[in-house]
Amino acid sequence: IFFYEIYNKYAIVKPKLFDIWGKAGSGTTTELFGILLSDLLGKWSYHRAAAITAAKKIKRNQYKTEESYFKAIAKVQKEALTYRELAATIRNRVNRDYESKRSYKAAFKKDLQEAIRALKEIELIKEVDIVNTPNGERIDFVFNIDYVKQDIEKVTLLAPVEE
C-alpha cells in the first residue's frame with residue numbers, strides 16, 4: 001500500500017539534488033530554478049506514464065525492421081516526454097523582473113541556461129529545445145523516462161505534489 005500512487009502523489013528527488021542545491025555556480029541558487037524544479041517534478045510522472053502508454057500502442061508487426069520499430073517508439077516517447085512552456089509564462093511566475101530592461105532579459109537567458117544545466121545534472125530532463133513561435137519563445141523540456149531508475153536505492157520522497 002505504501003507504493004500506491006507513488007509516482008502521482010509524491011515528488012521523487014535524487015540525492016544529487018541535495019549535493020548541488022544552493023552551491024554557487026550550480027545553477028540552483030535562483031528562484032527560477034526552484035520554480036522550474038517544482039513544476040517539472042510535478043509533471044514528470046504524467047509524462048512518463050504517457051510515454052509508456054504511447055510505446056505500448058506501437059505494434060512490432062507494423063514495421064519491417066527492428067530499427068524502424070525502435071525509432072518509432074523513440075519518436076512517440078520523446079513527444080510524450082516533452083513538456084512545453086512559453087518563456088513569458090515562466091518569467092511571469094517568478095518575482096524577479098526579467099522583462100523591463102535588455103540586461104534583465106539577458107539575465108533570464110543566463111539563469112535559464114544554468115537552471116537547465118542543473119536539471120540535466122540531476123537527470124530529470126534529457127534535453128531542452130528553445131523554439132521561436134508566433135507567441136514568443138517556447139521552451140520544450142524533454143523528461144528522462146528513467147529518472148527514478150538510476151540510483152533508485154538512494155531516492156528520497158518529498159511531500160505530496162500539487163495536482
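Predicted model: local features only at pLDDT ≥ 70, side-chain atom pairs only at ≥ 80, totals over all residues.
Two strands count as paired if DSSP finds at least two bridges between them.

- In β4, Asp140 is the bridge partner of Asp129.
- β3 and β4 run antiparallel and are joined by eight bridges.
- The open sheet has three strands in the order β2-β4-β3, with antiparallel pairing.
- β2 (82-86) and β3 are the edge strands; each has a single partner strand, so one side of each has no neighbour in the sheet.
- On average, neighbouring strands here are turned by 20° against each other, ignoring direction.
- Packed on this sheet is α6, which touches β3 and β4, and its direction makes about 150° with that of β3.

**The nonpolar cores**
- The largest nonpolar core has 38 residues, and Leu119, Leu124, Ile125 and Phe141 touch the most other members.
- Elements giving two or more residues to this core include α3 (31-57), α6 (102-121), β3 (125-133) and β4 (136-143).
- α3 supplies the largest share of this core, eight residues.
- Leaving aside residues up to four places away in sequence, Leu119 touches Phe33, Leu36, Leu37, Leu40, Leu124 and Ile125.
- Another core, of five residues, lies apart from that one; Ile58, Tyr69, Ala72 and Ile73 are among its members.

**A lysine to look at**
- Lys14 sits in the loop between β1 and α2.
- With a relative accessible area of 2%, Lys14 is buried, because buried means under 20%.
- The Lys14 side chain reaches the backbone oxygen of Tyr147 at 3.1 Å.

Technical notes: Residues numbered from 1 in each chain as written. Heavy atoms only, no water. Core = buried A, V, L, I, M, F, W, Y, C linked by side-chain atoms within 4.5 Å. Buried < 20%, exposed > 50% of the residue type's maximum accessible area, 1.4 Å probe, protein only. Helix = DSSP H or I, 4+ residues; strand = E, 2+ residues; numbered from the N terminus. Contact = heavy atoms within 4.5 Å. Polar contact = N/O pair within 3.5 Å; in protein donor to acceptor, adjacent residues only side chain to side chain. Axes fitted to C-alpha atoms, helices over the stretch in contact; angles between N-to-C directions.
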